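Let's take a walk through this protein together, one piece at a time. Have the sequence and the 3D view ready before you read on.

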Amino acid sequence: MDIDQNLPEKELLCLLHRGDMQAFDILYHRYSQIIYANILKFLKDETTAEDLLQDVFLRIWENRSKIDPEQSFAAFLFTCSRNITFNFKRRLKLEMESEIHLAYGQSESENNIDKVLDSKEAIILVENLLSKLPKQRQKIFRLSKLDGKSYQEIAEEMGISIATVRDHIVKANKFIRNGALQDNGFSALLLTLFLFSAH
């Protein structure tokens, strides 16, 4: 039997606790957009934010028996998404520090990543890959990743739809990451961290 979409949250959580997939779907549709926006605020990358959003709700499903229906589910979701996002960024930083140490043979320090991101190598890598994109896609990517503009701001500035902006960004991300991976693992990490550090 179908569940009423407007059921109170507490009742949905009780159903989720028992493994009800419909209750899970309703909760997902209620909260996925706001949690996605919260993750995107920290990462500035739609593709990765979407991946981490799925990780959040996968964890919710796997730990459904531990969720307390008496507590705020929204607060629980925000805490979970924050932890997953920060863990992702911490892992990325640790991988980067390790790669820097191997590549440059220097001691790891708090300033190493910043130094490498400001280095000529980082700038050349990013510019070389960006130059291979079609002109419009290159401009959209720069406005998003380097100038920190929202998809809506870019759409208004260029006179195109938000969906078109999103499509260009997704395709640019894929092209650039593939290009970096074909170079070497260090370049891929360098580029990824550069983009997540851009505002």
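Where is the place of T85? T85 sits in helix α4. Before we go further, a word on the ground rules: this is a predicted model, in which local features need pLDDT of at least 70, side-chain atom pairs count only at pLDDT 80 or more, and totals for chains, interfaces and linings use all residues. Residues are numbered from 1 along each chain as its sequence is written, and side-chain values use heavy atoms, with hydrogens and water left out. As for the helix names, helices (H or I, at least four residues) are DSSP runs, numbered from the N terminus.

Back to T85. Its relative accessible area is 1%, so T85 is buried. Buried means under 20% relative accessible area, exposed means over 50%, and partly exposed is in between (1.4 Å probe, protein chains only). Leaving aside residues up to four places away in sequence, T85 touches I39, F42, L43 and L52, where contact means heavy atoms within 4.5 Å.

L53 is another residue to look up, this time in helix α3. With a relative accessible area of 5%, L53 is buried. Its contacts, not counting residues up to four places away in sequence, are Y28, S32, I35, Y36 and I39. Take Y36: it is 17 residues from L53 along the chain, and the C-alpha atoms of the two are separated by 5.8 Å.

Now for the rings. A pair of aromatic rings is described by the distance of the centres and the angle of the planes. Rings of Phe, Tyr and Trp (its six-membered ring) pair if their centres lie within 6.5 Å; planes under 30 degrees apart count as stacked, over 60 as edge-to-face and the rest as tilted. By this rule the count comes to 5 aromatic pairs. In one of them, Y28 and F57 have ring centres 4.7 Å apart and planes at 70°, so the pair is edge-to-face. Y28 belongs to helix α2 (residues 21-43) and F57 to helix α3 (residues 46-62), so this pair links distant parts of the chain, 29 residues apart. F57 is buried, with a relative accessible area of 2%. Ring pairs also join F24, Y28, F57 and W61 into a cluster.

F42 lies in helix α2 and F86 in helix α4 (residues 73-104), so the pair ties together parts that are 44 residues apart in sequence. F42 is partly exposed at 27% relative accessible area, and F86 is partly exposed at 35%.

Finally, see how helices cross. The axes of helix α1 (residues 9-17) and α2 come within 8 Å and cross at roughly 135°. Axes are lines fitted to C-alpha atoms, for helices over the stretch in contact, and angles run from 0 to 180 degrees between N-to-C directions. α1 and α2 are therefore oblique to each other: angles under 35 degrees count as roughly parallel, over 145 as roughly antiparallel, 65 to 115 as roughly perpendicular and the rest as oblique. Who meets whom here? E9, L12, L13, L15 and L16 of α1 meet A23, F24, I26, L27, R30 and Y31 of α2.

Notes:
Helix = DSSP H or I, 4+ residues; strand = E, 2+ residues; numbered from the N terminus.
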